[in-house]
Amino acid sequence: EYAQIILEDNVMMGAGVHFYVNNHKFERQDIPLIQQGYYPSEDIVVKEGAWIGANSIILPGVVIGRNSVVGAGSVVNKTVPDFVVVVGTPARVIKELNHNVK
């Protein structure tokens, strides 16, 4: 079964954004990494109004919250809440956005 990359309405993305729906296994020390296979693929969801900065990497199973911002060059390995700004490697929340402002 294939994983999906789901982009909801009004999502913005900079150049060079990468989405990865699966990842290599690497637990065993007795065989080369290339022979260890992959973890099961997982969906990625980018919620309405989110903005993903240029050259960011979004890893398997991540949900990027509604109207949230991923700073350029970030590596997102965990779900991002709604209405926040995340930056860094790994991405961390640095700011909450006031979603009541019109």
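Let's start with Ile5, which lies in strand E1. Keep in mind that this is a predicted model. Ile5 comes out as partly exposed, at 41% relative accessibility. Together with Leu7 and Met13, Ile5 makes a nonpolar surface patch of about 250 Å². That's the patch.

Now the sheet. What is the strand order? It runs E2-E5-E8-E10-E11. The sheet is open, it has 5 strands, and the pairing is mixed. Which strands stand at the edges? Strand E2, residues 12-13, and strand E11, residues 92-96. Each of these has a single partner strand, so one side of each is left without a neighbour in the sheet. As a reminder, strands of a sheet pair through backbone hydrogen bonds, either parallel or antiparallel.

Look at the E11 end. Strand E10 covers residues 84-87, and E10 pairs with E11 in the antiparallel sense. There are 4 bridges between E10 and E11. I'll pick out two bridge partners. Val87 has Arg92 as its bridge partner in E11. Val84 has Glu96. E10 and E11 form a hairpin, with 4 residues between them. Gly88 sits in the turn, and Gly88 has a positive phi of about 105 degrees.

Stay with Val84 for a moment, and bring in Ser68. Where is Ser68? In the loop between strand E7, residues 63-64, and strand E8, residues 69-70. Ser68 and Val84 are 16 residues apart along the chain. Their C-alpha atoms are separated by 4.9 Å. Is Ser68 buried or exposed? Ser68 counts as buried, because its relative accessibility is 0%, and the cut-off for buried is under 20%.

What does Ser68 touch? Leave aside its neighbours within four places in sequence. Ser68 is then in contact with Ala50, Trp51, Val80, Pro81, Asp82, Phe83 and Val84. The backbone nitrogen of Phe83 lies 3.0 Å from a polar atom of the Ser68 side chain.

Next, charges. How many salt bridges turn up in a search of the whole structure? The answer is 2. Take Lys47 and Glu8. Their side chains meet in a salt bridge, at 3.9 Å from N to O. How accessible are they? Lys47 is partly exposed, at 31% relative accessibility. Glu8 is partly exposed as well, with a relative accessible area of 31%.

Then Arg28 and Asp30. In this salt bridge the closest N and O atoms are 2.6 Å apart. Arg28 is partly exposed, with a relative accessible area of 47%. Asp30 has 56%. That makes Asp30 exposed, because the cut-off is over 50%.

To recap. The open sheet runs from E2 to E11. The E10 and E11 strands form a hairpin with Gly88 in the turn. Ser68 is buried, and the Ser68 side chain has a polar atom 3.0 Å from the Phe83 backbone nitrogen. Over to you.

Note on methods:
Residues numbered from 1 in each chain as written. Predicted model: local features only at pLDDT ≥ 70, side-chain atom pairs only at ≥ 80, totals over all residues. Heavy atoms only, no water. Pairing = 2+ DSSP bridges. Helix = DSSP H or I, 4+ residues; strand = E, 2+ residues; numbered from the N terminus. Salt bridge = Lys/Arg side-chain N within 4 Å of Asp/Glu carboxyl O. Buried < 20%, exposed > 50% of the residue type's maximum accessible area, 1.4 Å probe, protein only. Polar contact = N/O pair within 3.5 Å; in protein donor to acceptor, adjacent residues only side chain to side chain. Contact = heavy atoms within 4.5 Å. Patch = residues over 30% accessible without salt bridge, like charges linked within 9 Å, V, L, I, M, F, W, Y side chains within 5 Å. Areas by Shrake-Rupley, 256 points an atom, 1.4 Å probe, with all protein chains shown as cover.
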